[in-house]
Amino acid sequence: MSAKAISEQTGKEFLYKHICTSAAVQNRFRYASVTAGTDWGRLTQEHPWLLTERLVIKPDQLIKRRGKLGLVGINLDLQGVREWFKAHVMRETTVGKAKGVLKNFLIEPFVPHPQEEEFYVCIYATREGDHVLFHHEGGVEVGDVDAKAQRLLVAVDEKLSEEQVTEKLLPHVPDEKKKVLASFIVGLFNLYEDLYFTYLEINPIVVTKDGVYVLDMAAKIDATADYICKAKWGDVEFPPPFGREAYPEEAYIADLDAKSGASLKLTLLNPCGRIWTMVAGGGASVVYSDTICDLGGVEELANYGEYSGAPSEQQTYDYAKTILSLMTREKHTQGKVLIIGGSIANFTNVAATFKGIVRAIKDYQGPLKEHEVTIFVRRGGPNYQEGLRVMGEVGKTTGIPIHVFGTETHMTAIVGMALGHRPIPNQPPMDAHTANFLLNASNSAVTPATTRTASFSEPKTSSDVNPAKKSKAALPADSLHSILWPLKNMVTGDWKAKPTTLFRKQTKAIVWGMQTRAVQGMMDFDYVCSRDDPSVAAMVYPFTGDHKQKFYWGHKEILVPVYKNMADAVKKHPEVDVLISFASLRSAFDSTMESMQYPQIHTIAIIAEGIPEAQTRKIIKMADEKGVTIIGPATVGGIKPGCFKIGNTGGMLDNILASKLYRPGSVAYVSRSGGMSNELNNIISRTTDGVYEGVAIGGDRYPGSTFMDHVLRYQDTPGVKMIIVLGEIGGTEEYKICQGIREGRITKPVVCWCIGTCATMFASEVQFGHAGACANQASETAVAKNQALRDAGAYVPKSFDELGDVIKTVYDDLVANGTIVPAQEVPPPTVPMDYSWARELGLIRKPASFMTSICDERGQELIYAGMPITEVFKEEMGLGGVLGLLWFQRRLPRYACQFIEMCLMVTADHGPAVSGAHNTIVCARAGKDLISSLTSGLLTIGDRFGGALDAAAKQFSKAFDSGMLPMEFVNKMKKDGKLIMGIGHRVKSINNPDMRVQILKDFVKQHFPSTQLLDYALDVEKITTSKKPNLILNVDGFIGVAFVDLLRMCGGFTRDEADEFVEIGALNGIFVLGRSMGFIGHYLDQKRLKQGLYRHPWDDISYVLPEHMSM
């Protein structure tokens, strides 16, 4: 949602902080917020004016007309305020249809003034600009300000001047107050713009000789502008509408939504209700709520919500478990139903999201059965068959009644089943599997010749066989395509012409953003449409250098150029006239404004959701000036079967083929929702000869192009025989269609339905999934618009449930009267399935390139050998414990973890003279980086330096296990001419012991359950030191034999497992890991000391040359 209401306190805080005006704004920051838990003593300390002034108290909970409702205490002292507060706080109050409890109150100084000093001012946003309303009589009895206020429209990108305000708004204001009011209103307007308000009303504003007083204020801000206004806004709290509580679960889902690229929404309507929904898609979620209310379920509807935008399995799990937790808290005498619905997804992997829901159902299977919950599922989209399969399986394994349906079932049919209005089919017919559509049955890799016509219901023309030559202005060459439809600029009155036909079979596009999946989908669509070449000419991605990106064209691989900037792309591809922008919400505005500077670009699709409305309006203004058609923002795009599709529109190839989108039909549609547009593709394909063109204009309040824009295009396109409009609550665009029908501008049959009819049945305002889906007045409700369309002569069903039936009736009439002549079906060429998707569907298998058993990073949190990272820290396992998990796949005893950490500490360094440290230092001084220097040191580790741990462990273990006495072992090694690994030290001796060994020995003897091999090695040491005092058991040898004792005796390993870890080199890893710390220390030390290039001195080198070479 974009426009969100803020509390009066927040609105005034913004005003007092940031308004810039010469008018003296009085009582700045003089307000106090109170609740039931307020400490009044502390409050008066923070606001001492409460003790000395007359006061006003009122609830601050988004309640309109508080004065008329008797909810304002006026001209009271502090004691009077407290008495008034006590009488009202926590009291249930009815405002309109909403019942709520008064909790939050605002106290302000009372401003004595006569009625004639009260004025009314309001600023609100519309598509063409911002309206400033002013009335010289403000206050409680202001009445219908829309009818009697002075009004001034400030066009997009225009500024407001004091002269304009004085002339247009203040003719009835006394002269002495005009200057103050003009300055204040201009300052207010600038504040409104700078802080991205969408609505700001002050009633009354009082102007006295002392200055301006802002008494009552109501405001909304564009929440999507948070990334722009964060510094000025701070952390804004958006209170719920009066009559609806703010639940922690709603805040939890809102937090998930903020952290995700997907969309996750939840509004609790009646936590005790028996009907719960978990719907995919912003538009679909409204349709399901409508149908529930139409069938009499409004009182039992527990929640409104939606998930969309390809949430991950984990995100869907978190969303689902929140719903299941809420619905299993209170029992219902009739049991409960959960409707898991959705339209046909465009790009969301249905199986992945359903797996998250299945996990949640398994976790809550006990409470679900206890509360007698029945689940109804209907979904379509990528991999939906697998999603439905796992959903059906969990029903069988858990015993929870789960009824599963796919695209063969009308989207909202499950609502009637759930509410008992229609029977539940025993075995619903299932559509064919994805694989049946996509796997190539022939060996031919050649693209079949073009066989389909421009319109499925029209005869073939020569222009369809021979592609038109490119024209200089990149406009279509044939006469039909050159029809221009007018668009009037509402502010300037200028008329700009835009082409009726946006997409042709030769249309070429640039894709902004590295959206390889969407581009491949477009190319697969192009291929099954028998296009001669791909529709994507190039991609633009500013974050990499110019390069080529590989894609498939049918069976062969092709390269698509990727440019760093738009200028290079349009220069090298003059045939392009469409831009598909996948730019983020932060960069979409700048990239779109730049793209409109290139005259060859005639159509731009903006996919991003969450672009601030002020920026969108600027885009629309420039587009009108340049004659560019904008589709979006917040859209999946559009599709013209047989010609072109935008990004992910229409879903994957299985849906493209199932909905016959590879060839044109006779029906054109326009909707707001992307998911619902795909549902329309499905409905139209089942009830008519198919889609001619379909556009989803986007869910924002100000879509770049409107319903009427596209309806007029369809009216002027001969191939379109009937038009479908899926409207929505919010805005008044549908009334223009009514006007067009009445005036005869629209003569083709129009089937129309506005979703959101349930809104009028709710007690409090509900913001639906789309930003624009909110009625600000009665005329914007879906019910009012549906009736107006019906009265104008459009075909309007009784509900969305009947939409398909009405479409079929109108289509059959057109066929009967000869307007539509259905053509013979021509099979499309087959496209091979991508390997990755075939694996996802389980159609093929391939051995994995890697296997791992120690770590898994795919879930919500990292897992070490089966242990979540949060548990690792909770158990305080330390570095030794983590090493045990990752190296040995065991949770080792505490003493073992401590021993590992001690080994790392004692092996961390042994001075700069040893070979590894020396090499590291030389490399560092040669100017090499950290990794190179560290690697140089590590490469010296071997049998002679540091690598004796494994060898010592192996030699001592072999001798001990064979029953050889220590003396026999020493004599055998001497006889074989081999060194005993782990025995001997250059510096340390029996008389100068290595304290590292002594520390480890004390710990091991105290904590290890058995030290058989260590005792054996110490016996060997007694023999070797008797011959030479420096032949001691060194630190490598000690760690080696002690580790063998640890592995064999700690109880976590079998003998074979312990021996295998020694054999594969695990023990040397201890030295490598420990000594890496020292080598890094030496590297940093050399850099810190700024040591220059090392050159070894001549006098430390013995030059021994052959005699005949010597001087």
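How many helices and strands does the secondary structure of the protein chain come to?

## Overall architecture

The protein chain has 39 helices and 37 strands, where helices (H or I, at least four residues) and strands (E, at least two) are DSSP runs numbered from the N terminus. This is a predicted model, in which local features need pLDDT of at least 70, side-chain atom pairs count only at pLDDT 80 or more, and totals for chains, interfaces and linings use all residues. Residues are numbered from 1 along each chain as its sequence is written, and side-chain values use heavy atoms, with hydrogens and water left out.

Along the principal axes, the C-alpha atoms fill a box of roughly 115 × 90 × 80 Å. Of the 1111 residues in the chain, 55% are buried (under 20% relative accessible area; exposed is over 50% and partly exposed in between, with a 1.4 Å probe and protein chains only).

## The second largest pocket

The second largest pocket holds about 1200 Å³ of space. A pocket is an open set of points on a 1 Å grid over the protein atoms alone, where a 1.4 Å probe fits, with protein on both sides within 12 Å along at least five of seven lines; lining residues have an atom within 4 Å of a point. A volume is the space filled by probe spheres set on the points, which are joined across faces, edges and corners.

This pocket is lined by 33 residues, and the closest to its centre are Arg944, Ile983, Gly984, His985 and Asn1034. Helix H34 gives the most to the lining, with three residues.
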